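Here is a walk through a two-chain model, taken piece by piece. Have the structure open and follow along.

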Amino acid sequence: MRITYRVFLVGGIPIAIAAAIAAVAWILLNEAERARDGAVLAGSTYRNLLVAMTARDEYVNAPPADRETFAERFRTYSTAARDDIEKLIVVARAPELRESATGANEALTRYVDSMADFMEATVRNDRLVEEMVARAALLVALTDEARERQRASNADIISTLRDRDAAFRRIRSLVNAAEELRSAVSATELRAAMLMISPPDARDDIRLKLGFDIGRFRNAAARLSEILAEYDPHAVAELQTLAQDYDTVITGIVEDDGPADGAAADSRLELEGSHISEWSDRIVKVKTSEQRALYEEIAQLVGYSVAANETERAAQNVAIEVLELGQRTTVALGERDPEATATILAESAPMPQIVASLPISPLIQSEMIDAIDQWREGLATATEGLRRQNERIADMDRAAVTMIDGARALNDLFTADADLIGKTIGNILIFGAAAGLLFGAVTGYFVARSITRPLLRVQQGMVALARDPQAGPIADADRADELGEMARAANFFVAEIGKREQDLRQAKERADTALEDLQRAQADLIQAEKLASLGQLVAGIAHEINTPVGIALTTGTQLEEEVRRFNATAESGQLKKSQLQKFVARMREGSRLLYVNLSRAAELVHSFKQVAADQASGERRRFQMHRWLEELMTSLGPALRKSRHEVTIECRDGLEVDTYPGALSQVLTNLVMNALTHAYGEDQSGHMTVAVSEPRRDTVRIVFSDDGRGINPADLNRVFDPFFTTGRSLGSTGLGLHIVYNLVTGLLQGKIDVESTPGQGTRFIIELPAAVEDVRAEPVRVEA
Amino acid sequence: MKFWTGCIVAVLVMTSAAAAEAKTLVFCSEGNPEALNPQIVTTTTGLNAARPMFNQLVEFVPGSTRIRPALARSWEVSPDGTEYIFHLRDDVQFHSSDDFTPTRPLNADDVLFSLERQWKQDHPFHAVSGAQYAYFKDMGMPELLKSIEKIDDMTIRIRLTRPEAPFLADLAMPFNSILSAEYAAQQLENGTPERLDEEPIGTGPFTFDSFQKDVAVRYQVFPDYWEGQQPIETLVFSITPNPAVRLTKLKAGECHVMAFPNPSDAQRISDDPNLKLMQQEGFNIGYLALNTSRPPFDDVRVRRAINMAIDKQAIIDGAYGGAGKAAKNPIPPTLWSYNDDIEDYPYDPAQAQRLLAEAGYPNGFETDLWYMPVSRPYNPDAKRVAELIQTDLSRIGVRANLVTREWSDYRTALQNGEHSMALYGWTGDNGDPDNFLNVLLGCTASRIGGNNVARWCDEDFDALVSRAKLTYDQEIRERLYREAQEIFKREAPWVPIAHSVVFMASRDEVDGFRMDPLGRHPFDHVDLKY
């Protein structure tokens, strides 16, 4: 069998097994998904049911006006729970799950139905309760109405009593006056009789007294008339006629001096007297009875008033009692206590009878009885409703237990199902993987053996061929499989190698020669570069020194001329003091100039000597960084001045480093020159900074930055490569920064990095040890 | 929720509307009814209290004494006047109560039951409630009736022993109200036959609700009343004996109609814009009955002396407030056959004294004088009248002790003859002189339990009024009655005192209440209009 097939066999079996596992796992995962969905639905059902049940509790306890909110919530959540359960029935995998879900659904249906019943009963009861409240209010209104009437009635009674009292007094004075009249008449009659029967000598005295009696009679008649005048003018007229007649008779008797016919006068007097007596008797009789009637009337009115007020109070008490019962009822209804309402109902049973038996105003009595009856009817119905509601609540609670148990069981079942499937998948994966692994390993082993053995032979053959290319062809070249092909190919290869080896040897020799040439060329270039920088240095030095030396030379020449002229003058003997003084002054001036310029030159030479020595010597030494930098910059002065750029040095005084100043100066020189060449345009005057800091102990960081055009980001990581340059046209070699890199990382034992933002400038960051380690080797590798 | 709120509001609105609609009319009546079955009551108070619940075969046109059909839609009278056939209405329902629901409308059995209970001594209900059937007997019904037959369910034949001119008027009277035979049978079966009289079931416009002695009689409207439902829902007779209290209640609105205001208050009532005063020449007689069955009133001289000793004018001026006229005959002057030729005994105490002396009481005597405790149409203040009489009698040496009884017992006491002198009176209830002369003074009525409280039985008089009943010839009747009045005057069993003007008062909002010449207080078709 071909190795391909064998390898296919080795790879294919696990793949097939994996595929089988994957297929099973996929199916199972689907199942697991369903189970998980089921568990989620069951959980959601459970939660919805709980919310619905809570909504029911809130509905039960809410004041009637707020009930609808909770009813709505109940409907929403029970519907949601139902939807969930219906979905669950669909999702359920196992019949027992479906059964459970169906059971829960039935329980929910019962619960919702009970709730609907309950809400209906509640609405009815709430309405009843409202009606009952209205009835109780009606009772109070009725009693208020009655009280208002009673108040008006009391006012009326008081005014009637006042009238009656006035009448009573009037009658009494009338009766008194009538009795007085009667007495006066009797007294007069008696006196008149005495007058008639008395002896003439006694008559004057009697007549005198009779005069007073008549006066009394007249007064009494006048008083009676006066009282009667107010309300009975007819009686006054009667009285006046009677009194007049009597008066006439009695006056006649008094005036007649001894009546002519005593008997006749006497009988006339008696007749008139009896008239007036009877008349006043009648007044007394009628008025006395009226007085009595008035008295009784007053008593009756007062009695009525008292009774009416008592009645009204009784009505109020009834109303209060109903209100109290109403309040208790409200509490009992609020507590859903049908026993309490039944008790109230029983307690209120005698009330209609009580109201009926009270002498309550008939105007409100039937209404009160009706109101109480209807109130009681309402209470009875409400009690019944309450019982029904409570039954419903109990029903619901029972259904709720089933329902919630069902929901919880569902939740558990679905969760367990999901877990089971998860475990199954795990097991299948583990066992499948193990089986696949085992089977694959065994197959692999045998297949590998069937491959490695011939391979070993080929290898051995090839090793032998390698030791001795002439050893002869590899065995197994006659095999039909890939090994045979391999052996054949190896044999062919060996033959080919033999032929090409010779060519290769020759080519290698040529390449080696070329490489040596190249290496030499590179060293030359680097040396040239170094020399170039040295040349620049020398050029700088020459320029610097040129000035003081030039001045000194000129001054010397001038002095020589002065001396020559002074000498001529002195020789002529015409030397004046002033001329001498002037000559001395000019000599002093000249010698000062000479001194200054030559000192300057000496100083410059010293500096250059140091830099050059550094560069040339490659000696390591300890030096003051700041001063060293300033000297370096001075030495670069001509190049800088030529280009209007300036370099700022930032370095603390007293910073000492122990390193190779020559290498460092070359580094900085190269960086400055690089900046001058590449960073700035023709007319720019740049500003460069050499900032020295000590980020850590024993480390010195030198940051060289310019504000030039910056480096193209694409070129940034190539700037240290040898021969990389963007300014070859300007005569750059592409080695400056390469040398910098080599010096920093090599001799100076530091590291260098570059950052650049195009258009904003470039920063070279060099970190050096403050004191290099003492590995004195070749100063610069590239120089080697 | 909104829907329910709406419903509740609607219900409340309806409830309050119903409450506002429920009209209660309160009548401040003058006294306790002695019973509520018109068969066994005779006072106008009792009759009026029973009236709203009952109907008769025929009835008086309101405000008159003319007869019109009622429960009987028509009738025929035989030419000889001794046979009446009544055709009953077939749409008359009886009331129902807590323990009775009628299964059938009114029929001939009910008519039979109502008449036979009073008539037949062996009727199972005859003795129930200790009933005396005074009216039935006083009207001579037992002798008059020959037979009552049910021809069919809706037809009744009544045969009379003799022609009886006022027979239809008799049938229109309350004692001939038609009761439910079915109800009676049910109560008899339950062993509570007296409930027939205590919780009456009738066909009238109002059903019985409750009766509380001294407080009120309450009625509810009968929606199935054969003449149609009344506008008043609840009718209450609020029992208020004192006229001043009645007036106070009327003014306060505690009652809507009041019986018999004090004549002295008449002016005040007519001046009150909230009140209406009604007055009517009374079809009545107020009198002092002298118990002729016991001495000294068995002596006609004593009776005449009493007649002369009483100053009627003072009584009318005082107690009647001038609203009445002195009476000399036992029938009102507006009733036909009134004998105006008769001269009254003069007020003459001296002559009275002489008569008493002649009769053997030269120093007078002591006696009792009964008076009604309540206002009557014919006597607004009997106590005051009694007091005035007492004073008058004291002048002839007669010492009268004033006696009274609770109103519902008063009549019974009088019918039992417990009194010597008693104030009483009568309002005609069928517009026939017989209703006065025979019922109040006939020999039939003079028995114990009869309406002739003077217990006076004069054969000549009785013969005259009996004869007068037998004929339909008004001229003959009038002659007989005039003659009877002469005998009455001569024998003086009463002191006729006054024919009063009857007053009634109502609140202004009462609509449709009319005074009735026969002293009835009908509340059908009465409404409250605010």
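How many bridges pair strand E5 (residues 699–706) of chain A with strand E7 (residues 761–769) of chain A, and is the sense parallel or antiparallel? Eight bridges, in the antiparallel sense. Keep in mind as you look around that this is a predicted model.

## Two helix pairs in chain A

A quick word on how to read these: two packed helices are described by the angle between their axes and the distance between the axes. Take helix H1 (residues 3–61) and helix H2 (residues 67–91) of chain A, whose axes are 8 Å apart and which pack at an angle of about 160 degrees. Angles over 145 degrees count as roughly antiparallel, so H1(A) and H2(A) are roughly antiparallel to each other. H1(A) passes H2(A) in a left-handed crossing. The residues in this contact split into 16 nonpolar, five polar and eight charged.

Now the other pair: helix H4 (residues 200–229) and helix H5 (residues 233–255) of chain A. Their axes come within 9 Å and cross at roughly 170 degrees, which makes H4(A) roughly antiparallel to H5(A). On the H4(A) side, the contact residues include Leu210(A), Gly211(A), Ile214(A) and Leu224(A), while H5(A) contributes, among them, Val236(A), Leu239(A), Ala243(A) and Ile250(A). By class, the contact of H4(A) with H5(A) has 13 nonpolar residues, three polar and one charged.

## Chain B at a glance

Over in chain B there are 18 helices and 20 strands. The chain has 530 residues, and buried residues make up 56% of them. Looking at contacts in chain B with a separation of 6 or more, 71% are between residues 24 or more positions apart.

## A buried strand and its partners

14 of its 14 residues are buried, so E18(B) is largely enclosed by the rest of the structure.

Several strands of chain B pair with it. Strand E14 (residues 324–326) of chain B is joined to E18(B) by three bridges and runs antiparallel; here Ala326(B) has Ala498(B) as its partner.

## The four-stranded sheet of chain B

Chain B has an open sheet of four strands as well, in the order E4-E5-E7-E6, with antiparallel pairing. E4 (72–77) and E6 (145–152) of chain B are the edge strands, and the twist averages 20 degrees from one strand to the next. Five bridges join strand E5 (residues 83–88) to strand E7 (residues 155–160) of chain B, and His87(B) stands opposite Thr155(B) in E7(B). Helix H3 (residues 108–119) of chain B lies across E5, E6 and E7 of chain B, at about 165 degrees to E6(B).

## Where the chains touch

Finally, the interface: 35 residues of chain B are in contact with 32 residues of chain A. Which element gives the most to the side of chain B that touches chain A? That's H1(B), with six residues. Other elements of chain B that supply at least two residues each include strand E8 (206–212), helix H9 (243–252) and helix H14 (382–394). By class, this side of chain B has 16 nonpolar, eleven polar and eight charged residues.

How values were computed
Residues numbered from 1 in each chain as written. Chains lettered and ligands numbered in written order. Predicted model: local features only at pLDDT ≥ 70, side-chain atom pairs only at ≥ 80, totals over all residues. Axes fitted to C-alpha atoms, helices over the stretch in contact; angles between N-to-C directions. Parallel < 35°, antiparallel > 145°, perpendicular 65-115°, else oblique. Left-handed = near helix turned anticlockwise from the far one by under 90°. Nonpolar A, V, L, I, M, F, W, Y, C, P; charged D, E, K, R; others polar. Contact = placed C-beta atoms within 7 Å. Buried ≥ 20, exposed ≤ 12 C-beta atoms within 10 Å, placed from the backbone. Pairing = 2+ DSSP bridges.
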